[in-house]
Amino acid sequence: MSAEVVLREMRWWDIPPVLDLERELFPDDAWSEGMFWSELAHARGPAATRRYVVAEGDGGRIVGYAGLAAAGGLGDVQTIAAARDRWGSGLGARLLTELLRYATDFECQEVLLEVRVDNARAQRLYERFGFAPIGFRRGYYQPGNVDALVMRLTVQDAVQDTVEQSESHG
């Protein structure tokens, strides 16, 4: 299996394969088709408040996706997912990097996200990017009544860290 993956803007015709992946990865709380349509409706034009990206592998297979909402200087990671056969490949980091690029485009000062308290893999990814826990949302994920850990990244700090890292490697 080749690791070649291209990130591109999510379009309406990506919804069916994204839904398949969504249902596979999040069977208990998968988004509906209508939710994706609604998000994409806010992702185009001069008043856009959303950005969604898909990761397309060989043969056009969608192997990941991610989305960001932004308003009033605040970004919110709406969703991020990578196919199980891509776990550990760096795809999640690529998708998150793309969302943070969008957050910069939207001039967000902070980016928030919610992650299941039992999803240690995702929490480690977010921590590597500088997200820090700021609280909990009790019973956020349904069914199952699983709590969400709320994490926040201050974008200016993240940009400064990235600049410092690139200067120390250059």
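The model is predicted. With those terms, the lining of the largest pocket can be described by element: α1 (15–25), α2 (33–41), β4 (74–82), α3 (91–105), β5 (110–116), α4 (120–128) and β6 (132–141) each supply at least two of its residues. The largest contribution is from β4, which gives seven residues.

The largest pocket holds about 1200 Å³ of space. Its lining comprises 41 residues, and F26, I80, N119, A122 and Y126 are the ones that lie nearest the centre. Sorted by class, the lining has 20 nonpolar, 13 charged and eight polar residues.

The chain as a whole has five helices and seven strands. Followed along the sequence, these elements come in the pattern β-α-α-β-β-β-α-β-α-β-β-α. Of contacts between residues at least 6 apart in sequence, 60% join residues at least 24 apart. The chain has 170 residues, and 42% of them are buried. Its accessible surface is about 9400 Å², with 50% of that belonging to carbon and sulfur atoms.

Next comes the interior. In soluble globular proteins, nonpolar side chains tend to be buried together. In this model the largest nonpolar core has 45 residues, and Y126 and F131 touch the most other members. Helix α3 gives the most to this core, with eight residues. Y126 is also among the residues that lie nearest the centre of the largest pocket. Setting aside residues up to four places away in sequence, F131 touches L96, L100, V111, L113, Y126, M151, R152 and L153.

G139 lies in strand β6, an element that supplies at least two residues to the lining of the largest pocket. G139 counts as buried because its relative accessibility is 16%, and the cut-off for buried is under 20%. Apart from neighbours within four places in sequence, G139 is in contact with N145, V146 and D147.

A41 is found in helix α2. A41 counts as exposed because its relative accessibility is 59%, and exposed means over 50%. From A41 to R11 the C-alpha to C-alpha distance is 9.9 Å, and the two residues are 30 apart in sequence.

How values were computed
Residues numbered from 1 in each chain as written. Predicted model: local features only at pLDDT ≥ 70, side-chain atom pairs only at ≥ 80, totals over all residues. Heavy atoms only, no water. 1 Å grid on protein atoms, 1.4 Å probe; cavity = no way out; pocket = protein on both sides within 12 Å on 5 of 7 lines; lining within 4 Å. Points joined across faces, edges and corners; volume = space filled by probe spheres on them. Helix = DSSP H or I, 4+ residues; strand = E, 2+ residues; numbered from the N terminus. Nonpolar A, V, L, I, M, F, W, Y, C, P; charged D, E, K, R; others polar. Core = buried A, V, L, I, M, F, W, Y, C linked by side-chain atoms within 4.5 Å. Buried < 20%, exposed > 50% of the residue type's maximum accessible area, 1.4 Å probe, protein only. Contact = heavy atoms within 4.5 Å. Areas by Shrake-Rupley, 256 points an atom, 1.4 Å probe, with all protein chains shown as cover.
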